[in-house]
Amino acid sequence: MAPHGPPRLPPPPSPQWVIDLNNLPSSRPRPNPSIPDPPGFSQGSAGKGKSSKSHPTPTPTETDDLFLKKAWELALAPAKSIPMNAIMMYMSGNTLQIFSIMMTVMLFMNPLKALSTVGSTFARFDNERTHTRLWPVKLAYIGLQIATIALGIWKVNGMGLLPNTRSDWLAWERERQSLELSAVALQ
Amino acid sequence: MAMLKLLLSYLSIHPSPLRNPSTSLHLSQQAPAFLSSSESTKDTQETWLIYEQLLLSCLRTGDDSSARVCLQRLSGRFGVDSARVKALTGLYDEATSNSRGELESVLQRYQDILKEDPTNMPIEKRRISLLLSLGRTEDGIEALTSLLSHSPNDAESWAHLSSLYFTQGLYQQSVFCLEEVLLILPNAYNIFARIGEVTYISASAGASGTNQTEAFEEAIKYFARSVELSEWYLRGWYGLKLVTGKFIQAKPSDGTLRKMESLNQLATEKLLQIVGRFRRNEKGWMGFDEAEILAAKNLIDRDEQKFSR
């Protein structure tokens, strides 16, 4: 502090929040019952996690049913995309070009990936009670993925990429051995 | 040219001059010179902004005649029916009334305006603050809740309602309102600290049905969150130190005790650092309020005395 500064002011009064924190109310003031609550307020909702106690906790069978319902939704999800894929494949034409090739590759990649992770897809619904009930769900899921692959095969066939005609196997085609030769007699 | 530029640059340095008595005094002292200068007749956006700020600061410092001129020019430009001018007129009437009866008549006028046009937000807010200054807190709270039920995105009104509940001892409702503010402004560190304070006070007042240690822990979490968001928030560190100190006195189990002691230690260090740097007038550390620095120093001294005894 500079020695010739202005005269020292008295220290400023404490801010209100310091006073509030250091002079705690000894007893809870009786609140006036006519004061309305704020919109959305319910008794005991202030603070956290207390409102969840008011809901009854679901029984294990109920959660299992919910799990199964969710699992069925997940399993049937590919069925919804099959018609769309079919229309797209039908419309995109059978010529070999980048877009139709990409779409067709996707049609094989996605189901294969899904098939390799069936276990982990349904792992969150899996427990010892639901394990046996999950089998039909998984089978439906696998079936739908195979249907998607079948769609892909149909498309590849349409593009002429399947080696199912005789001309695709020309390398193994034997030269025809004639039983007899006939020649014009040159006389 | 000079006057307008001067005021504009002043307002850009102090964007809300009403927050501080000295800035509003400075602004209101410029008012007569500005009003008589030739620039005051310019019709630009900045001029009207200055008029509004001048009006407010003149009312605050008691320069009613300049305020009257400002108000007349504003209503001449925008018409007396504009919602904002109506609110400013009401404010002028409130500031110049001398008796309770006059204030009541202003209140009556607000209610008439609201009956005609219930969507006039500025008047609705004026009515609330007038009710509060008339000491009718309950009516004020009721009006504020109805305002919030139709415009729930108003963070300032939530904070205001929270402080009103706090004065009435309704701590649960107060915390609820602050949580609403957090929903709108999730990074408001001051609100986190305030929730901590209200939780602590409500626990100390023996709010029904809550475990005191649990509530203290809750308050500590809020304070910690506030200083996590803003490292040099004095109020957050203050609360953290105070409540962890109280917690240690209550002799908790071993694991929590160690945690609380290290938190208390950290808060003490931070507070000491703030106080020291403020006292040494370090650059960038002068923004603290002197009264708050003093309070922090007091808290540290009190704690030290307790240990040395």
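**A tyrosine and its surroundings**

Reply: Leaving aside residues up to four places away in sequence, Y238(B) touches W17(A), V18(A), L21(A) and N22(A) from chain A, and L271(B), A295(B), A296(B), L299(B) and R302(B) from chain B. Touching, or contact, means heavy atoms within 4.5 Å.

This is a predicted model, in which local features need pLDDT of at least 70 and side-chain atom pairs count only at pLDDT 80 or more, while totals for chains, interfaces and linings use all residues. Residues are numbered from 1 along each chain as its sequence is written, chains are lettered from A and ligands numbered from 1 in the order written, and side-chain values use heavy atoms, without hydrogens and water.

Y238(B) also belongs to the largest nonpolar core, which has 75 residues; together with L161(B), Y200(B) and L234(B), it touches the most other members. Helix α11 of chain B, residues 189-204, contributes eight residues to this core, the most given by any element. A nonpolar core is a set of buried Ala, Val, Leu, Ile, Met, Phe, Trp, Tyr and Cys residues joined through side-chain atoms within 4.5 Å. Buried means under 20% relative accessible area, with a 1.4 Å probe and protein chains only.

Chain A, the partner in some of these contacts, has five helices and zero strands. Helices are DSSP runs (H or I) of at least four residues, and strands are E runs of at least two. Of the 187 residues in chain A, 22% are buried.

Conventions
Buried < 20%, exposed > 50% of the residue type's maximum accessible area, 1.4 Å probe, protein only.
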